[in-house]
Amino acid sequence: QLPMLPSFAYIMGYLRSQLKNLQQPLSVAQLLCAFGKVEMKGPDAEAVILHSVTVLPQLLSWLAPHELCNSLWGLSKLTPVHRRAAEAASTLANSIVAEGSRRIQLLTPQCLSNCIWAITRLGLKTPEAEEFARLCAREICQGSRDLSLFSPQCLANILWAAAKLAPFIQNKGGSGDATKLLCQAITAAAEYRILDFQPQELSMLAWSLAKLQGRVRSNNRKGSIKRQGSKSADTTCFLAHLADVARARLSEFTPQGISNIAWALATADMLGEEHACRYMTAAALAAAPQLADFSPQAISNLCWAVSRMCVSNNHASTSTENIASMAVSAFIEAAAREAMHRIDNFEWKDLSGVLVAIGHSRHRSSTTQSLATQVVFRATDSCHKLTTQVMLNIALSATRLSVQIGRASCRERV
């Protein structure tokens with residue numbers, strides 16, 4: 001709200017007129033941090049970025065480590081409009097990151113966390129960003145840091161950033177062993193104080209571990225499992241513990257947090273385990289009457305995870321299996337109803353994801369059938385806008401749900 005106040009606009013007008021006189025690196029770094037805190041956008045943000053890139057790069061060595069990291073964090077929170085300012089922001093960020101790498105051993109846990117978070121937010125895919133991420137992982141994995149001094153937020157941010165940056169680093173020939181060691185170090189540090197983590201931080205940990213591990217693809221007829229990434233007993237035990245903690249604190253989680261943990265447990269192939277099953281059952285029952293508060297993506301991801309309970313929970317007791325089955329049916333019914341109600345707000349990827357989940361689940365009703373039919377009719381008129389994967393998902397789901405329509409469908413066009 002602050003940038004909208006008339007008095008703030010007056011201050012900004014005066015500040016912009018005086019920017020040329022602001023030449024001290026500490027003053028510029030403090031300005032970047034302050035603007036980041038109010039998430040400045042547009043011309044004001046661009047003016048500060050363009051001034052900073054002319055002053056800071058050659059004077060970064062004058063800044064203390066925390067000042068260096070705060071300036072990078074603030075820069076990542078600014079939103080330029082024009083390409084010239086965006087490129088200037090990336091140039092300045094790369095210079096700050098390179099200086100941070102030279103002083104990596106002097107950075108506090110909070111500084112490491114802020115820098116790696118900022119790199120991810122800025123979308124930096126540069127040699128400087130890759131080197132900083134590698135050095136950050138080395139600091140954590142080689143025992144040179146006491147991870148008990150890292151706050152829960154720091155641990156969650158670092159693992160989240162590692163998951164976001166992993167595809168870029170792997171494409172550059174990065175080692176999967178380093179990622180595995182990072183996961184082990186952070187889960188070991190987090191496990192004994194997991195109750196200190198906020199719900200969002202628990203969600204970030206679960207999502208990151210699953211993302212780094214990769215999704216399981218199984219072929220039930222051949223009994224084979226293909227996985228990209230690595231799954232360890234430590235990761236499985238940690239996620240099981242996290243699932244129990246999250247279930248006990250479910251009311252504290254946002255819709256996105258509930259969905260993220262469910263997605264993580266399904267991606268990690270844990271739905272056949274008791275801890276994960278209990279979380280999924282509780283999440284499905286809690287979410288079903290509240291789906292109006294869930295984003296389409298959160299609904300689609302939760303549908304995907306919940307529908308996997310039907311084929312994964314092979315070792316549950318009869319009573320547990322019955323409760324889980326009831327939870328799946330209640331949730332799938334509610335999700336189908338919500339998707340029909342908000343169908344214009346759903347991206348095709350999320351809508352097809354809901355349909356795939358319905359097809360995988362054992363729940364059939366007039367609601368699910370109506371949604372499937374409606375999606376097929378809409379897709380028939382929009383095939384030219386859809387990706388091949390979305391068309392295949394809709395066509396296969398329509399076949400599985402025995403959707404009958406009287407004109408050419410997407411299934412025929414695929």
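These legends go with several close-up views of a predicted model.

Local features are described only where pLDDT is at least 70, and side-chain atom pairs count only at pLDDT 80 or more, while totals for chains, interfaces and linings use all residues. Residues are numbered from 1 along each chain as its sequence is written, and side-chain values use heavy atoms, with hydrogens and water left out.

**Figure 1. The whole protein, before we zoom in.** The fold comes to 20 helices and two strands. Here helices (H or I, at least four residues) and strands (E, at least two) are DSSP runs, numbered from the N terminus. Out of 414 residues, 52% are buried; buried means under 20% relative accessible area, exposed means over 50%, and partly exposed is in between (1.4 Å probe, protein chains only). The protein exposes about 19,900 Å², with carbon and sulfur atoms supplying 51% of that; these areas come from the Shrake-Rupley method with a 1.4 Å probe, and for residues only the protein chains shown count as cover. Now for contacts, meaning heavy atoms within 4.5 Å: among those with a separation of 6 or more, 80% are between residues 24 or more positions apart.

**Figure 2. Inside the largest nonpolar core.** A nonpolar core is a set of buried Ala, Val, Leu, Ile, Met, Phe, Trp, Tyr and Cys residues joined through side-chain atoms within 4.5 Å. The largest one here has 142 residues, and the members touching the most others are Phe-132, Leu-205, Leu-265, Tyr-279 and Phe-331. Helix H8 (residues 152-171) gives the most to this core, putting in 11 residues. As background, nonpolar side chains tend to be buried together in soluble globular proteins. Which residues does Tyr-279 contact, leaving aside its neighbours within four places in sequence? They are Ala-243, Ala-246, Arg-247, Leu-250, Gly-257, Ile-258, Ile-261, Ala-262 and Leu-265.

**Figure 3. Helix H5 and what covers it.** H5 takes in residues 83-102. At 1.5 Å a residue its 20 residues should span 28 Å, and its end C-alpha atoms are 29 Å apart, so the two values agree; the expected span is 1.5 Å times one less than the number of residues. Buried residues in H5 include Ala-85, Leu-92, Asn-94, Ile-96, Val-97 and Glu-99. Among the elements covering the buried residues of H5 are H2, H3, H4, helix H6 (109-122) and helix H7 (127-141).

**Figure 4. Glu-39 and its partner Lys-77.** A salt bridge is a side-chain nitrogen of Lys or Arg within 4 Å of a carboxyl oxygen of Asp or Glu. Glu-39 and Lys-77 make one through their side chains, at 2.9 Å from N to O. This pair ties together distant parts of the chain, 38 residues apart: Glu-39 is in the loop between helix H2 (25-37) and helix H3 (42-55), and Lys-77 is in helix H4 (residues 65-77). Are the two partners buried or exposed? Glu-39 counts as partly exposed because its relative accessibility is 34%, whereas Lys-77 is buried at 13%. Glu-39 also has a positive phi, near 50°, in a residue other than glycine.

**Figure 5. A few other salt bridges.** How many salt bridges does the structure hold? The count is 13. Arg-103 and Glu-99 pair at 3.1 Å, N to O, and both of these residues are buried. Glu-252 pairs with Arg-249, with their closest N and O atoms 3.2 Å apart. In that pair, Glu-252 is partly exposed at 46%, while Arg-249 is buried at 15%. Asp-244, Arg-247, Glu-274 and Arg-278 join up in a network of salt bridges.

Figure 6. For Cys-111, the nearest cysteine sulfur is that of Cys-69, 3.8 Å away. Cys-111 is buried, with a relative accessible area of 6%.

Figure 7. Leu-22 sits in the loop between helix H1 (6-18) and H2. Leu-22 and Val-55 are 33 residues apart in sequence, and their C-alpha atoms are 8.7 Å apart in space. Beyond its neighbours within four places in sequence, Leu-22 contacts Ser-27, Val-28, Leu-31, His-51 and Val-55. Asp-269 belongs to the loop between helix H12 (255-267) and helix H13 (274-287). Its phi is near 60°, a positive value in a residue other than glycine. In general, most residues other than glycine have a negative phi. Asp-269 is partly exposed, at 31% relative accessible area.

Key:
A disulfide is a pair of cysteine sulfur atoms within 2.5 Å.
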